[in-house]
Amino acid sequence: MKRSITVLAVLLAVLLMFVGCGKTKILHCDHCNKEVTVEESSNMEEGWIIYCPECNEELFGDDPVVGDGTSP
């Protein structure tokens, strides 16, 4: 009996954790127009240049940093 109550308590805690997670908002990729989900708390807006993970990989490869200041 104690074990089932403990399991229920853990499941309830996990459920509450997921409910309390940050809310998200939908923006769109500037390359393919696919929906991109970002945290509601971020200040990102549609006016920002945003790429989905697939387009980011296609455009920038393994180095997503653009203009890191090392080139003249």
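## About the model

This is a predicted model, where local features need pLDDT of at least 70, side-chain atom pairs count only at pLDDT 80 or more, and totals for chains, interfaces and linings use all residues. Residues are numbered from 1 along each chain as its sequence is written, and side-chain values use heavy atoms, leaving out hydrogens and water.

## Overall layout

The protein chain has two helices and two strands, and from the N terminus on they run α-β-β-α. Here helices (H or I, at least four residues) and strands (E, at least two) are DSSP runs, numbered from the N terminus.

Of the 72 residues in the protein chain, 10% are buried; buried means under 20% relative accessible area, exposed over 50%, and partly exposed in between (1.4 Å probe, protein chains only). The protein chain exposes about 6200 Å², with carbon and sulfur atoms supplying 61% of it (Shrake-Rupley method, 1.4 Å probe; for residues, only the protein chains shown count as cover).

Asn 33 has a phi near 70 degrees, a positive value in a residue other than glycine. For context, most residues other than glycine have a negative phi. With a relative accessible area of 56%, Asn 33 is exposed.

Val 7 belongs to helix 1 (residues 2–19) and counts as partly exposed because its relative accessibility is 43%. Together with Leu 8 and Leu 11, Val 7 makes a nonpolar surface patch of about 290 Å².

Notes. Patches are made of residues with over 30% relative accessible area and no salt bridge: like charges are joined within 9 Å, nonpolar side chains (Val, Leu, Ile, Met, Phe, Trp, Tyr) within 5 Å. A salt bridge is a side-chain nitrogen of Lys or Arg within 4 Å of a carboxyl oxygen of Asp or Glu.
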